[in-house]
Amino acid sequence: MTVSAEYRARNRTAVLRAAARLFRRHGYDGVNVDRIMAEAGLTRGTFYTYFKSKKHLFRAAIGFEPDFERRLSERPGKDLNAEAAAIAADYLNPDHRDRTWPGCAMASLSQDAARADAGTRSAFADIVRNLIIEFERGLENPQHPDPRALQAVAMAVGGLVLAKASDGTDLADQVSDAAAAGVRQILTG
């Protein structure tokens with residue numbers, strides 16, 4: 001009996017979703033293939049049908065369902081900079097900040113990616129590049145990579161990383177608020 005392409009795609013997505021959630025919560029070393037496959041509702045034996053290794057799965061999971069990038073790309077376009085600043089403020093809001101899933105892979109997995117192989121670091125860099133491109137939309141006379149977009153990405157993601165690490169303190173809120181204000185200043189003047 002042949003497994004349909006739709007069935008395979010659905011299972012691959014289930015593995016990716018489970019891996020993305022578990023990696024964001026526990027880090028690369030805190031999760032094994034057995035746990036990922038159990039979370040996906042599949043057997044370990046089918047893992048290699050979908051991915052060559054845990055390392056390859058991690059690389060794919062980093063870019064799975066990038067909410068920040070998706071929200072920026074879906075801006076209606078009335079005032080792209082103001083809309084981007086509002087999205088960044090929401091991204092830094094405690095309701096989002098304090099979640100790891102769904103949440104930002106860059107903030108949750110930046111150190112795991114930094115310690116990973118070149119292919120994984122390249123996949124992570126692609127996510128950063130895509131965010132830069134999204135922030136460039138709406139800027140007056142953008143140059144690629146535009147320093148203003150680079151600053152907005154660094155301030156938003158860096159602010160989220162620092163605020164997450166300071167969770168449960170007034171400092172977390174102060175960092176989030178300062179980063180959101182900085183992004184707004186960069187984008188809207």
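## Salt bridges

The structure, a predicted model, holds 15 salt bridges, a salt bridge being a side-chain nitrogen of Lys or Arg within 4 Å of a carboxyl oxygen of Asp or Glu. Because this is a predicted model, local features need pLDDT of at least 70 and side-chain atom pairs count only at pLDDT 80 or more, while totals for chains, interfaces and linings use all residues. Residues are numbered from 1 along each chain as its sequence is written, and side-chain values use heavy atoms, with hydrogens and water left out.

One of these salt bridges is formed by the side chains of Asp117 and Arg59, with an N to O distance of 2.5 Å. Asp117 lies in the loop between α8 and α9 and Arg59 in helix α4, so the pair ties together parts that are 58 residues apart in sequence; helices here are DSSP runs (H or I, at least four residues), numbered from the N terminus. Asp117 is partly exposed, with a relative accessible area of 24%, and Arg59 is partly exposed at 22%, where buried means under 20% relative accessible area, exposed over 50% and partly exposed in between, for a 1.4 Å probe and protein chains only.

The side chains of Glu6 and Arg10 meet in a salt bridge with an N to O distance of 3.5 Å, and both residues lie in helix α1, four residues apart, about one turn of the helix. In general, an α-helix has 3.6 residues a turn, so residues three or four places apart point the same way. Glu6 counts as exposed, at 58% relative accessibility, whereas Arg10 counts as partly exposed, at 47%. In another salt bridge, also with an N to O distance of 3.5 Å, Arg115 is paired with Asp112; Arg115 is exposed, with a relative accessible area of 61%, but Asp112 is buried, with a value of 14%. Salt bridges that share partners also join Lys55, Arg59 and Asp117 into one network.

## Helix α4 and its surroundings

In helix α4, which spans residues 54-62, the buried residues are Lys54, Leu57, Phe58, Ala61 and Ile62. Seen down the axis of α4, these buried residues fall within an arc of 135 degrees, so they line one face of the helix; the arc is that of the directions from the helix axis to the C-beta atoms. What covers them includes α1 (5-26), α2 (33-40), α3 (47-50), α8 (105-114) and α9 (118-136).

The axes of α1 and α4 come within 9 Å and cross at roughly 85 degrees, which makes α1 roughly perpendicular to α4. Axes are lines fitted to C-alpha atoms, for helices over the stretch in contact, with angles running from 0 to 180 degrees between N-to-C directions; angles under 35 degrees count as roughly parallel, over 145 as roughly antiparallel, 65 to 115 as roughly perpendicular and the rest as oblique. Val15, Leu16, Ala19, Ala20, Phe23 and Arg24 in α1 meet Lys54, Leu57, Phe58, Ala60, Ala61 and Ile62 in α4, contact meaning heavy atoms within 4.5 Å. By class, this contact of α1 with α4 has ten nonpolar, no polar and two charged residues, where Ala, Val, Leu, Ile, Met, Phe, Trp, Tyr, Cys and Pro count as nonpolar, Asp, Glu, Lys and Arg as charged, and the others, Gly among them, as polar.

## Helices α10 and α11

Helix α10 (residues 147-165) and helix α11 (residues 170-188) have axes that come within 9 Å and cross at roughly 170 degrees, which makes α10 roughly antiparallel to α11. Residues making the contact include Met155, Gly159 and Leu162 of α10 and Val175, Gly182 and Ile186 of α11. By class, the contact of α10 with α11 has eleven nonpolar, four polar and one charged residues.

Ser166 is placed in the loop between α10 and α11 and is buried, with a relative accessible area of 17%. Leaving aside its neighbours within four places in sequence, Ser166 is in contact with Leu171 and Ala172.

## Loops and backbone geometry

A cis peptide bond, with omega about -10 degrees, joins His144 and Pro145, and Pro145 is found in the loop between α9 and α10. Asn141 lies in the loop between α9 and α10; phi of Asn141 is near 50 degrees, a positive value in a residue other than glycine, and Asn141 counts as exposed at 61% relative accessibility.

Phi of Glu65 is also near 50 degrees, again positive in a residue other than glycine. Glu65 is found in the loop between α4 and α5 (67-73) and is partly exposed, with a relative accessible area of 36%. Asp29, in the loop between α1 and α2, counts as exposed at 72% relative accessibility. The C-alpha atoms of Asp29 and Asp112, which are 83 residues apart along the chain, are separated by 8.5 Å.

Notes:
Helices (H or I, at least four residues) and strands (E, at least two) are DSSP runs, numbered from the N terminus.
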